[in-house]
Amino acid sequence: MTTQLMIQPSSLIPSGIKMSEFGDIYLFKFTDELQSRFEELLEKKKADALTPEEEAEYVGISELQRIFTLINAQLAAKSKWCPNQLENL
């Protein structure tokens, strides 16, 4: 089994995350710079051209994206504008 290394997603938060107003709530989004870097790494991954350091960065950003997708989904589900109020998210 190969251990996959990643940069700590929490290290990206201070400079890579912003809050964006959407209706009556705020959602977490990547800054333009982090989004561009993520897209650049994704293209290199598709071409199988990531260095080990870039792979660690890609995995860390991907994990942060998954975390914020879950949080944003929970925020949206609990807000007034969401048509399907989900219980116990």
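**Alanine 73**

I started with alanine 73, which is partly exposed because its relative accessible area is 42%; the cut-offs are under 20% for buried, over 50% for exposed and partly exposed in between, with a 1.4 Å probe and protein chains only. Alanine 73 lies in helix H3. For the element names, I took helices (H or I, at least four residues) and strands (E, at least two) as DSSP runs, numbered from the N terminus.

**Ground rules**

I noted that this is a predicted model, where local features need pLDDT of at least 70 and side-chain atom pairs count only at pLDDT 80 or more, while totals for chains, interfaces and linings use all residues. Residues are numbered from 1 along each chain as its sequence is written, and side-chain values use heavy atoms, with hydrogens and water left out.

**Overall layout**

I counted three helices and two strands in the protein. Read from the N terminus, the order is α-β-β-α-α. Of the 89 residues, 31% are buried. I also checked contacts (heavy atoms within 4.5 Å). Among those between residues at least 6 apart in sequence, 46% join residues at least 24 apart.

**H2 against H3**

Two packed helices are described by the angle between their axes and the distance between the axes. I took axes as lines fitted to C-alpha atoms, for helices over the stretch in contact, with angles from 0 to 180 degrees between N-to-C directions. Helix H2 (residues 32–46) packs on helix H3 (residues 52–78) at about 125°, and the axes are 10 Å apart. That makes H2 oblique to H3; under 35 degrees would be roughly parallel, over 145 roughly antiparallel and 65 to 115 roughly perpendicular, with oblique for the rest.

Who meets whom here? From H2 I listed Leu34, Arg37, Phe38, Leu41, Leu42, Lys44 and Lys45, and they meet Glu54, Glu55, Glu57, Tyr58, Ile61, Ser62 and Gln65 of H3. By class, the contact of H2 with H3 has six nonpolar, two polar and six charged residues. The classes are Ala, Val, Leu, Ile, Met, Phe, Trp, Tyr, Cys and Pro as nonpolar, Asp, Glu, Lys and Arg as charged, and the others, Gly among them, as polar.

**Glutamate 54**

Is glutamate 54 buried or exposed? Glutamate 54 counts as buried because its relative accessibility is 12%. Leaving out residues up to four places away in sequence, glutamate 54 touches Arg37, Leu41, Lys44 and Ala49. Methionine 6 is 48 residues from glutamate 54 in sequence, and the C-alpha to C-alpha distance is 9.1 Å.

**Nonpolar core**

In soluble globular proteins, nonpolar side chains tend to be buried together. I defined a nonpolar core as a set of buried Ala, Val, Leu, Ile, Met, Phe, Trp, Tyr and Cys residues joined through side-chain atoms within 4.5 Å. The largest one here has 12 residues: Leu12, Ile17, Phe30, Leu34, Phe38, Leu41, Leu50, Tyr58, Val59, Ile61, Leu64 and Phe68. H2 and H3 are the elements that give two or more residues to this core, and H3 has the largest share with five. I followed up phenylalanine 68, which touches Ile13, Ile17 and Phe28, not counting residues up to four places away in sequence.

**Proline 9**

Proline 9 sits in the segment before helix H1 (13–16). Proline 9 counts as buried because its relative accessibility is 9%. Its contacts are Gly60, Glu63 and Leu64, not counting residues up to four places away in sequence. I also got 8.9 Å between the C-alpha atoms of proline 9 and glutamate 57, 48 residues apart along the chain.

**Two aspartates**

Most residues other than glycine have a negative phi. I found a positive phi, near 55°, at aspartate 48. Aspartate 48 is in the loop between H2 and H3 and, at 72% relative accessibility, counts as exposed. Aspartate 32, in helix H2, also counts as exposed, at 54% relative accessibility. Its C-alpha is 8.2 Å from that of glycine 16, 16 residues apart along the chain.
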